[in-house]
Amino acid sequence: MFQGGNMGLEFTDSIARRLEALYLTTDVVAQRSETLRNLRLTEGESVIDIGCGPGFLCESMAEIVGPTGRVVGLDISHDLVRMAEGRNKRRWLSYREGDAIAIDEPDASFDVAVCTQVAEYIPEVDRAISEAFRILKPGGRAVFIATDWDAVIWHSDAPDRMAAVMKSWEAHCAHPRLPRSMSERLRTVGFTVEAVKAFPMLNMEWSDETYSKGLTELVQDFVGKRGDVAADELVAWAEEFPKLSNDGRYFFSSTRFIFIASKPD
């Protein structure tokens with residue numbers, strides 16, 4: 001993941017470990033499987049993961065492309081890169097710190113580029129898209145995945161409080177409604193948009209296996225530091241979820257939008 005300037009999440013070691021746990025939930029594992037399906041990787045291909053986070057997607061891609069291929073994981077967070085490197089046992093998979101708007105790779109270096117839940121965190125998102133286009137070979141493929149944070153449905157018996165918390169949370173990224181303009185941005189730099197798909201996440205309970213429980217911790221930490229929601233209100237916001245879950249009334253829905261593009265030959 002990438003930090004959205006001074007407005008965004010600061011990816012410290014503590015946040016990195018929370019993200020690692022979040023990426024292992026059933027919901028995010030399912031998203032990773034869907035991402036792999038849409039990447040359509042084959043043995044021997046070269047792939048870059050722009051904003052690789054803790055590296056789970058890179059590991060899965062490395063298994064597919066094999067030792068005749070190449071996988072590079074790039075992230076701006078030192079802690080996330082170190083975490084990914086600590087698990088890596090494959091010589092054809094490498095990680096490094098780097099910025100999405102200035103990728104240290106030659107033109108036409110990769111067959112495939114993937115950027116999952118990262119683009120909305122980059123203030124200069126069009127430069128990042130241009131960089132992905134630049135480093136792809138002619139005929140190369142790209143998959144971008146982003147969330148429209150305004151479209152998250154999270155039930156609460158205190159809807160005004162929920163609205164205030166989610167409004168504050170929007171500041172954690174630079175482009176909270178990026179999917180609405182993503183196709184146009186991709187086409188502007190030269191990509192052909194092949195398809196746009198929706199991947200839903202639906203939680204009917206609040207448990208360690210759900211994406212929304214892990215998200216709760218991140219939201220509470222970020223919004224708490226901003227100070228625009230009273231501390232007691234923020235505590236009440238988080239404490240409501242296990243109660244709703246125990247009563248069978250918990251509901252969370254978030255849609256990830258998958259943009260599949262190609263670089264013309």
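**Before starting**

This is a predicted model, in which local features need pLDDT of at least 70 and side-chain atom pairs count only at pLDDT 80 or more, while totals for chains, interfaces and linings use all residues. Residues are numbered from 1 along each chain as its sequence is written, and side-chain values use heavy atoms, with hydrogens and water left out.

**Stop 1: helix 6 and helix 8**

Select residues 159-169, which form helix 6, and residues 211-226, which form helix 8. Helices here are DSSP runs of H or I with at least four residues, strands are runs of E with at least two, and both are numbered from the N terminus. How do helix 6 and helix 8 cross? Their axes come within 9 Å and cross at roughly 80 degrees. The axes are lines fitted to C-alpha atoms, for helices over the stretch in contact, and angles run from 0 to 180 degrees between N-to-C directions. Helix 6 and helix 8 are therefore roughly perpendicular to each other (the term covers 65 to 115 degrees; under 35 is roughly parallel, over 145 roughly antiparallel, and the rest oblique).

Now display the side chains at the crossing. Helix 6 contributes V165, S168 and W169, and helix 8 contributes L215, L218, V219, F222, V223 and R226; contact means heavy atoms within 4.5 Å. By class, the residues of this contact are seven nonpolar, one polar and one charged. Ala, Val, Leu, Ile, Met, Phe, Trp, Tyr, Cys and Pro count as nonpolar, Asp, Glu, Lys and Arg as charged, and the others, Gly among them, as polar.

**Stop 2**

Remain in helix 8 and select Q220. Q220 is partly exposed, at a relative accessible area of 28% (buried is under 20%, exposed over 50%, partly exposed in between, with a 1.4 Å probe and protein chains only). Leaving aside residues up to four places away in sequence, Q220 touches L234, V235, W237 and A238. The C-alpha atoms of Q220 and V165 lie 8.5 Å apart, although 55 residues separate the two along the chain.

**Stop 3: salt bridges**

How many salt bridges does a search of the whole structure find? The search gives 22, each a side-chain nitrogen of Lys or Arg within 4 Å of a carboxyl oxygen of Asp or Glu.

- Select D221 and K225: their side chains meet at 3.5 Å, N to O. Both lie in helix 8, four residues apart, about one turn of the helix. D221 is partly exposed at 23%, whereas K225 is exposed at 67%.
- Select R37 and E34: the closest N and O atoms of this salt bridge are 2.8 Å apart. Both belong to helix 2 (residues 26-39), three residues apart, and E34 is buried at 18%.
- Select R177 and D150: this salt bridge has its closest N and O atoms 3.8 Å apart. R177 is in the loop between helix 6 and helix 7, and D150 is in the loop between strand 5 and strand 6, 27 residues apart.

**Stop 4: two positive phi angles**

Select R40, in the loop between helix 2 and strand 1. R40 is not a glycine, yet its phi is positive, at about 55 degrees. Finish at A108, in the loop between strand 3 and strand 4, where phi is near 55 degrees.
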